[in-house]
Amino acid sequence: MHIVHYHLPGLFEFYGFYKLFLSVFFEHREFFYEWCDIGSIYGAPADCMWGGGRAGFGDNLTDDILNLMNEYKISPRLTFSNSLLEKKHLSDKKCNEICRKFDAGAVNNCGVIVYSDLLLSYLKEHYPSFYYVSSTTKVLTDFNLLVNELERDELLYVVPDFRLNGCFDKFNCLAAELKNKVEFLCNECCWSGCKDRKLCYENVSRKNLGEYCPDFVCSAPGGNKGYRFSEAMKNPGFIGINEILNIYLPAGFTNFKIEGRGLGSAILLEFLLYYMVKPECQLKVREMMYLDCMLDLF
């Protein structure tokens, strides 16, 4: 059987959580499904100008984070998906310092999740070891545009908009080399009929640039309730472990992204329990995590 590669949220945001979780994962591998591994952990620190998708809130513990990823030979990914970057922003000292450290120090090459072609060109010139992931914040809901993105040589992975997840007949017709580049977003809770998704991402981008703007107000049904995993499971674009094992994996798709870096570590744990831990071992892992650290409920 092929191995499922999960790409997990919270590189900076949940450093303390992963310091414990990764020790559990590698020391008690028998608790976890043998058919999955951790392909990468992604995120961005607080006050990160190049950041996008979600406003980062993690401390800038760059050296500690890099050491943790190197200890377990996991690829770190920098979420630099700001959609509104201009040339003047490329010289940002903090973002470049993070890039220098990860470019030089990552045992498994560092990835960068990008929206801006301007930033992509800059990073390719200055940080040669990086690989690149096309961000779902591009909101590519036209399958032909997605195929164009997959065919770009400079991109190693592409994360489609979650609303394309159901177009399996089209995905199944892709050539094998393009299938290998698709990274499905599994657990999005956003309303599938949302027309404002790109505006929501742009609001986050403006905030990361330090611009004053009011918070984005979601007008989607249930948008005022916040994230609910139980509701995400009802989403037409939701991909659960049964779909992964019985539909996607046999067809040659092996990369799956879990969202959640803007949520609390307690709900992040529930994601990982569901996607990675054998049902009979979930309580064991939950107890190890809860008893050994204080999880944020929200």
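Author: Let's begin with strand S4 (residues 111–114) and strand S5 (residues 131–134), which run parallel and are joined by 4 bridges. Strands here are DSSP runs of E with at least two residues, helices are runs of H or I with at least four, both numbered from the N terminus, and two strands pair if DSSP finds at least two bridges between them. This is a predicted model, where local features need pLDDT of at least 70 and side-chain atom pairs count only at pLDDT 80 or more, while totals for chains, interfaces and linings use all residues. Residues are numbered from 1 along each chain as its sequence is written, and side-chain values use heavy atoms, leaving out hydrogens and water.

Reader: Which residue in S5 is the bridge partner of valine 112?

Author: S4 and S5 run parallel. Across that pairing, the S5 partner of valine 112 is tyrosine 132.

Reader: What is the order of the strands in the open sheet?

Author: The sheet is open, with 8 strands and parallel pairing. The order is S6-S5-S4-S3-S2-S1-S8-S7.

Reader: Which residue in S3 is the bridge partner of tyrosine 42?

Author: Tyrosine 42 sits in S2, opposite proline 9. S2 is also joined to strand S3 (residues 75–80) by 4 bridges, running parallel. The S3 partner of tyrosine 42 is arginine 77.

Reader: How many residues of strand S2 are buried?

Author: Buried means under 20% relative accessible area, with exposed over 50% and partly exposed in between (1.4 Å probe, protein chains only). Strand S2 covers residues 36–43 and is mostly covered. The buried count is 6 of its 8 residues.

Reader: Which unit do S1, helix H1 and S2 make?

Author: S1 (residues 4–9) and S2 run parallel, joined by 6 bridges. Helix H1 takes in residues 15–27. With the strands pointing away from the viewer, a right-handed crossover runs clockwise from the first strand over the helix to the second. Together the three make a right-handed β-α-β unit.

Reader: Is arginine 261 buried or exposed?

Author: Arginine 261 is in the loop between strand S8 (255–257) and H11. Its side chain makes a polar contact with the side chain of glutamate 13 at 2.8 Å (a pair of N or O atoms within 3.5 Å; within protein, one must be able to donate a hydrogen and the other to accept it, and residues adjacent in sequence count only if both atoms are side-chain atoms). Because its relative accessibility is 5%, arginine 261 counts as buried.
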